[in-house]
Amino acid sequence: MSWEVVIGLETHAQLSTTSKIFSGAPTAFGAPANAQACGIDLALPGVLPVLNRGAVERAIRFGVAVGATLNRRSVFARKNYFYPDLPKGYQISQYEIPVVVGGTLDIVLGTSRKTVRLTRAHLEEDAGKSLHEDFHGMTGIDLNRAGTPLLEIVSEPDMRSAEEAVAYAKALHALVRWIDICDGNMQEGSFRCDANVSVRRHGDERFGTRCEIKNLNSFRFLERAIEFEMRRQIDVLEDGGSIVQETRLYDPDRDETRSMRSKEDAHDYRYFPDPDLLPLEISEEWIAAVRTTMPELPAARRERFVEALRLPEYDAVSLTGSREMADYFEALVAALPDQPKLCANWLMGEVSARLNRDQIDLAQAPVSAVRLAGLLKRIADGTLSGKLAREVFDALWNGEGEADEIIERRGLKQISDSGELQTIIEQVIAANPKSVEEFRAGKEKAFNALVGQVMKATRGKANPQQVNDLLRQTL
């Protein structure tokens, strides 16, 4: 407890353009190796890069979304290093003058909020991919990814736990998908994080020596890698050792980080302005045009859900985890404006559980918001009990028709007729004298047992609240 972890994240978001950042080659995932690498990506003699306007526009969208400063003039640089899947021997990136500077991102952990500051976001190209496992004694090079447009988003070292780092990564992941600049597919490498981790004694203002953990492509791996690295550094320091600044890789099979190479500094890359690319100039008119196309952002929609719909903040955070979820919820509320909490409960509960079970996204759900609203209306008007509603939902999910059709066909309408219920209650009381005696002796569990008997006798069709009221009154 005498140690504090300090974490900053560098996140690479692959921009959702159909062509690469400096060439016209496609960016679609899954093509045969080297099928999507043109002369510019291969660094053939005499080729020249041409900047993709769509990539710049996506960077502007991000800057607007996080309240950052957009540099009206930014510069591309050559970041020099040798690697087999980098044909030019350098990567085109931005260094001294990036397109986006500053900005903030709010994260929510339980009932607490925290603002994480952003240092910068800059445009750059991706490298290719080395294939070690497919060739015996050799390494294959796939240059399909070479030149793929990336926005590298760098945070300040503001996070103090693995939990905070994951919350930040999830919030950033949701945002880039929300504003439609990145598909966020972590399995395909569209969104990946590098974690800079150091530790220091509580109360010490100086930062410790940091280690960078590269290419974490799942939130679970991010959390586990940080937790391991934190423990490793503390153990080294408490044993009298010192931390070496280096780049490390996380091995999920062994749940550990291991050294990859000594950490490079900026001077190691010998940055200099790329002579083949003019400075990028962004006009006020372009920024204004982008602002007009921006959707309502997650934080604003979350605040509206709390204030206008009186939802708990936990619900509002969950419902704005993705734009698809928020839109689905709003469609439900449009059909049932007096039942926002019922809509929220079903979307976060039954619908989300079914999506997880079937391992599909909300966009692939077989039950649309309109069809689910048909079911929720029957819960709200007392036609269905919670148990019967789940049975109808199962049928809806399996494509068996609309809610009202299923209710009619299966005879699932809730019994709300007081006279009919009264008759059943009297029969249950007569058949269970021991439970009646225990209830009158003050045992509340006996009352619950009698309620269960009434629900059993009605095959779950009785209105539970009505059963409670009538049974208590009769007893």
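This is a predicted model: local features need pLDDT of at least 70, side-chain atom pairs count only at pLDDT 80 or more; totals for chains, interfaces and linings use all residues.
Local features need pLDDT of at least 70 and side-chain atom pairs count only at pLDDT 80 or more, while totals for chains, interfaces and linings use all residues. Residues are numbered from 1 along each chain as its sequence is written, and side-chain values use heavy atoms, with hydrogens and water left out.

**Helix packing**

Two packed helices are described by the angle between their axes and the distance between the axes. Helices (H or I, at least four residues) and strands (E, at least two) are DSSP runs, numbered from the N terminus. Axes are lines fitted to C-alpha atoms, for helices over the stretch in contact, and angles run from 0 to 180 degrees between N-to-C directions.

*α10 and α11*

- Helix α10 (residues 369–380) packs with helix α11 (residues 386–397) at an angle of about 165°, and their axes are 11 Å apart.
- On the α10 side the contact (heavy atoms within 4.5 Å) is made by Arg-371, Leu-372, Leu-375 and Ile-379, and on the α11 side by Ala-389, Val-392, Phe-393 and Leu-396.
- The contact of α10 with α11 has seven nonpolar residues, no polar ones and one charged residue. Here Ala, Val, Leu, Ile, Met, Phe, Trp, Tyr, Cys and Pro count as nonpolar, Asp, Glu, Lys and Arg as charged, and the others, Gly among them, as polar.

*α6 and α8*

- The axes of helix α6 (residues 298–309) and helix α8 (residues 323–335) cross at roughly 25° and come within 12 Å.
- That angle makes α6 roughly parallel to α8.
- The crossing of α6 and α8 is left-handed.
- From α6, the residues Arg-301, Arg-304, Phe-305 and Leu-309 meet Arg-323, Ala-326, Asp-327, Phe-329, Glu-330 and Val-333 of α8.
- By class, the contact of α6 with α8 has five nonpolar, no polar and five charged residues.

*α2 and α5*

- An angle of about 70° and an axis distance of 10 Å describe the packing of helix α2 (residues 53–65) and helix α5 (residues 284–292).
- α2 and α5 are therefore roughly perpendicular.
- α2 passes α5 with a right-handed crossing.
- The contact involves Arg-53, Val-56, Glu-57, Ile-60, Arg-61 and Val-64 of α2, together with Trp-286, Ile-287, Val-290 and Arg-291 of α5.
- Six nonpolar, no polar and four charged residues make up the contact of α2 with α5.

**Buried residues**

Buried means under 20% relative accessible area, exposed over 50% and partly exposed in between (1.4 Å probe, protein chains only).

*Ser-130*

- Ser-130 lies in strand β9 (residues 129–131) and counts as buried at 14% relative accessibility.
- The side chains of Ser-130 and Asp-85 are joined by a polar contact of 3.4 Å. Such a contact is a pair of N or O atoms within 3.5 Å; within protein, one must be able to donate a hydrogen and the other to accept it, and residues adjacent in sequence count only if both atoms are side-chain atoms.
- Not counting residues up to four places away in sequence, Ser-130 touches Tyr-83, Asp-85, Thr-139, Gly-140 and Ile-141.

*Asn-144*

- Asn-144 is in the loop between β10 (140–142) and β11 (149–155) and is buried, at 9% relative accessibility.
- The Asn-144 side chain reaches the backbone nitrogen of Asn-34 at 3.2 Å and the backbone nitrogen of Ala-35 at 3.0 Å.
- Beyond four places in sequence, the contacts of Asn-144 include Lys-20, Ala-31, Pro-32 and Gln-36.

*Gly-460*

- Gly-460 is in the loop between α15 (444–457) and α16 (464–474), and is buried with a relative accessible area of 6%.
- Leaving aside neighbours within four places in sequence, Gly-460 is in contact with Ser-385, Leu-388 and Met-455.

**Positive phi**

- Asp-180, which is not a glycine, has a positive phi of about 65°.
- Asp-180 lies in the loop between α3 (162–178) and β12 (191–201) and counts as exposed at 51% relative accessibility.
- Arg-310, also a residue other than glycine, has a positive phi near 60°.
- Arg-310 is found in the loop between α6 and α7 (313–319) and is exposed at 65% relative accessibility.

Technical notes: Angles under 35 degrees count as roughly parallel, over 145 as roughly antiparallel, 65 to 115 as roughly perpendicular and the rest as oblique. A crossing is left-handed if the near helix is turned anticlockwise from the far one by less than a right angle, and right-handed if clockwise.
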